[in-house]
Each structure stands twice: as C-alpha cells, then as structure tokens.
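Thanks for making the time this morning.

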Amino acid sequence: MRQRPSFWYAAPAFAFFTLFAALPMVLVVVLSFTSWDGLGTPQPNGVDNWARLAEDGQARDAVGRTAILMVVSWLAQTPIALLIGVWAAGRQRTRAVLSSLFFLPLLLSTAAIALLWKAVLDPNFGVPQVLGALKDVQFLGNPNIVLYTVAFVITWQYVPFHTLLYQGAARAIPKTLYEAATIDGAGRVRQFFHITLPQLRYTIITSSILMIVGSLTTFDTVLILTNGGPGTASRIAPLHMYITGFSGFEMGYASTMAVLLVVVGTGLSLLVMRVTGYRSMTSQQEGA
C-alpha cells in the first residue's frame, strides 16, 4: 500500500495562508457590512455599503479604467514577453548578456520604478524636453493618454517576470519536435506557430491570470506616478479603494470595494481557466 505524505508537511503553509490571507479576507468581508472610520468601533449597517456601491458613479468609472488598464497591459505584455522568452531560451552568444539587461526591472522596487518614470516623463527636464519634439506632450498630465502611460510603465516593470515564465517553458519543449519539423522542411516561423505556441498554451494562460490579478491589485505605481490624476483620469479601482479608506476614512465602504475586487478577480480567473480548458490540463511532453 502506497503511503501518502503526512498532513503535517503542509501544516506550516496552511497556517501561513490562514493567518495572512484567509483570516484578513474574512475580516474584510465582515467590515463591508459595517460603518467604520478606522478609529472607533465598527457599527453594523447591513447592506448599506453594497447599495451605495451599486449607485456610486465614481466607483463604476474606476472599475472601467481598471478594465482598460487590464486589457491594454495584457495586449502589450503578452507578445513582448512571449517573444523575448522564446528568444532567451535559445543558445545565442549574446543571450546571457542581453537577458541580464532585459531582467533589470526585476531588481527594482515598484516605488523606485514609479519615481524613475515620473522623472523620465517630466515635461520640464525629462525625455519630452530632451527630445524637443515631445516637449508639449503631457504624458502624465493629459487625461486622454495618462492611463496608457501608466500601462506602459507597468508593462516595462512586469515584462521581465513573464519573460522568465516563457523562457522556462520554452526550454522544456522537447528538441526532437524541432528536429522532426526541420527534417520535414519547416522553417523557424512555422516551427514557432505550430510547435512553440501550442506547447506554451498553458504558460500563456498562467501568465494571463497573473496579469488579470495584478491589474486588480496594482495601486502603488499609479499612486506615485499620478495619484489618480489629472483629476480622476487614472484613478483605477484599487487606488479609489485606498483613497476612500485612508483619505476619506470610510473603511467599511472601502472594504466593500475590496471584496468586489476579490470576487471579480476570482471570477475572471475561473472564467479564463474554464474557457481555455486549463482545469483539464495534461502533459504536453513527448510521449505523454
């Protein structure tokens, strides 16, 4: 009879998850049904917060901006990370050096990256002023383009992480598949679309889910870059929740927004898994 691993092997991880993830989430759900300024005692108010959220135009606009940021970030990050990851999995002479340069953003904190790009995009002494032709472009001050500027910064920050995912997955693809394709006369482009992409299917799904969750939890980059401005042009849902709770001292209502973000993020992740068949994932290795 095969002996299964003891439950105690998973106990430390289970305790860590319960203490720092499950328990805080339960407390946030409880707070979403209360009125609390963060100082006194929370007062139960039923579903008043949820009714207010359903009628809050600013919250709906913030969710809409978050959706735009999510889609733009995915469309930008996925092809870039995929192509660089596949290239970095090869054996080119310059691969090691160039890969090190590509992965530099992983060594920087989010605050440092936001401050860096805030200075780079400053119209007074940043790149717009240096180039001259862009000196009149307000990358962080124009409400029509500020959200796309934020998406660019987020893409620059997180492409290296997703590149690592694709690099590892591309290296795991059996070489015999490429050798057989070469014998059949398939070039690199056909090999990429008929071998590499299908073999990276589940990695693409995993990367996409991480991007979705990341878009629903990112607020520090926007906070430092624009603080939600100009006006509310870049106030995405996580930042709106933060401002409502810590600037407006409406912790109960902010908790309602937090629960909504968790529900939306979980729902989108499950939807992606169901539509793509990720739940029934099987090995794609040769002979499996």
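This is a predicted model: local features need pLDDT of at least 70, side-chain atom pairs count only at pLDDT 80 or more; totals for chains, interfaces and linings use all residues.

How much space lies in the second largest pocket? About 230 Å³, where a pocket is an open set of points on a 1 Å grid over the protein atoms alone, at which a 1.4 Å probe fits, with protein on both sides within 12 Å along at least five of seven lines, and a volume is the space filled by probe spheres set on the points, joined across faces, edges and corners. Of the 13 residues that line this second pocket, those closest to its centre are Leu216, Thr217, Ala258, Leu261 and Val262, a lining residue being one with an atom within 4 Å of a point.

Residues are numbered from 1 along each chain as its sequence is written, and side-chain values use heavy atoms, with hydrogens and water left out.

In the second largest pocket, α13 gives the largest share of the lining, 5 residues, and the helices are DSSP runs of H or I, at least four residues, numbered from the N terminus. The lining of this pocket has 10 nonpolar, 3 polar and no charged residues.

Turning to the largest pocket, about 660 Å³ of space lies there, and among its 16 lining residues Val86, Ala89, Gly90, Arg91 and Tyr178 lie nearest the centre. Its largest share, 4 residues, comes from α9.

Key. Helices (H or I, at least four residues) and strands (E, at least two) are DSSP runs, numbered from the N terminus. Ala, Val, Leu, Ile, Met, Phe, Trp, Tyr, Cys and Pro count as nonpolar, Asp, Glu, Lys and Arg as charged, and the others, Gly among them, as polar.
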